[in-house]
Amino acid sequence: TRKSRPQRLLKAVEGKATLGDPQSVITAIDHFCRHKEWAMNVGDEKGSILDSLVIELSPVNVLELGTYCGYSTVRIARLLPPGARFITLEFNPDYAAVARQVIGWAGLEDKVQLVEGASGDWIPRLREHFGVQMFDLVFLDHWKDQYLPDTKQLEECGLIQKGTVLLADNVICPGTPDYLKYVRNSPHYDSRYYRSHLEYTKVEDGLEKSVFLGF
Ligand SMILES: COCc1ccccc1-c1cc(O)c2[nH]cnc(=O)c2c1
Ligand SMILES: [Mg+2]
């Protein structure tokens, strides 16, 4: 049977990138998605905004919701300080299988824990299963209707605390209206929009950065 899009993306990485070189993996995926076949990676434009935030935050505990092929996982992991802990959750096993290989090709497998399953099932178990107390950065990039329930669950589990930064992809396209309303209207978040474009296109999209101020 025909290979899937993630498998075709992985082939492009294997054909173009240098083993152990994260930047070459990022460049190979961006080239493939811009010139061969679009795919829903955060991309280079929004990815640069993500990079700046990771560099500024220098987070110790990071959670990514929605791994897909591992593109943003590689972007984040390559910038983390030694000893940082990075957990990425992916529901789709086919995506997870490709992501493991992309992360491995970048030589970052020791920096990332890829967990397969539904975010809603895993969030309540992260503390006891991984011994994590709270997250400094949460990157939301999975199903748009999961952003709000997962954020509320993270709050209830005490994994979001004063200073935690939420960074949400696709708040315009496809759009996450209920999540946006929540973080922008809540007195417990300081929220701002980084205007950008849907990956590899001219369509407007952006990232919403929301800092938790404490209860
Ligand atoms: C499957 O839809 C693909 C698509 C089509 C049109 C517009 C946007 C998107 C899109 C873009 C993204 O960055 C995404 N990130 C994470 N989970 C998504 O479902 C997602 C969807
Ligand atoms: Mg996205």
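Predicted model: local features only at pLDDT ≥ 70, side-chain atom pairs only at ≥ 80, totals over all residues.
Mentor: Residues are numbered from 1 along each chain as its sequence is written, chains are lettered from A and ligands numbered from 1 in the order in which they are written, and side-chain values use heavy atoms, with hydrogens and water left out.

Trainee: Why is helix 1 called oblique to helix 2?

Mentor: The axes of helix 1 (residues 5-16) and helix 2 (residues 22-35) come within 9 Å and cross at roughly 130 degrees, where axes are lines fitted to C-alpha atoms, for helices over the stretch in contact, and angles run from 0 to 180 degrees between N-to-C directions. Angles under 35 degrees count as roughly parallel, over 145 as roughly antiparallel, 65 to 115 as roughly perpendicular and the rest as oblique, and therefore helix 1 is oblique to helix 2. The helices themselves are DSSP runs (H or I, at least four residues; strands are E, at least two), numbered from the N terminus.

Trainee: Which residues of helix 1 and helix 2 meet?

Mentor: Arg 8, Leu 9, Ala 12, Val 13 and Lys 16 of helix 1 meet Val 25, Ala 28, Ile 29, Phe 32 and Cys 33 of helix 2, contact being heavy atoms within 4.5 Å. By class, this contact has eight nonpolar, no polar and two charged residues, with Ala, Val, Leu, Ile, Met, Phe, Trp, Tyr, Cys and Pro counted as nonpolar, Asp, Glu, Lys and Arg as charged, and the others, Gly among them, as polar.

Trainee: What makes helix 1 roughly parallel to helix 5?

Mentor: Helix 1 and helix 5 (residues 93-105) pack at an angle of about 10 degrees, with axes 10 Å apart, so helix 1 is roughly parallel to helix 5. Among the residues in this contact are Leu 9 and Val 13 of helix 1 and Val 98 and Trp 105 of helix 5, and the classes come to eight nonpolar, two polar and one charged.

Trainee: Why is helix 8 called oblique to helix 10?

Mentor: The axes of helix 8 (residues 147-156) and helix 10 (residues 177-185) come within 8 Å and cross at roughly 40 degrees, and therefore helix 8 is oblique to helix 10. Tyr 147, Leu 148, Thr 151, Lys 152 and Glu 155 of helix 8 make this contact with Asp 178, Tyr 179 and Tyr 182 of helix 10.

Trainee: What makes a set of points a cavity, and what makes it a pocket?

Mentor: On a 1 Å grid over the protein atoms alone, a cavity is a set of points where a 1.4 Å probe fits but cannot get out, whereas a pocket is an open set with protein on both sides within 12 Å along at least five of seven lines; lining residues have an atom within 4 Å of a point. The count comes to one cavity of 30 Å³ or more, and about 470 Å³ of space lies in the largest pocket. Of the 24 residues lining that pocket, the closest to its centre are Met 40, Gly 66, Asp 141, His 142 and Trp 143. The volume is the space filled by probe spheres set on the points, which are joined across faces, edges and corners.

Trainee: How do you know that the peptide bond between Cys 173 and Pro 174 is cis?

Mentor: Omega is about 10 degrees for that bond, and Pro 174 is in helix 9 (residues 171-175).
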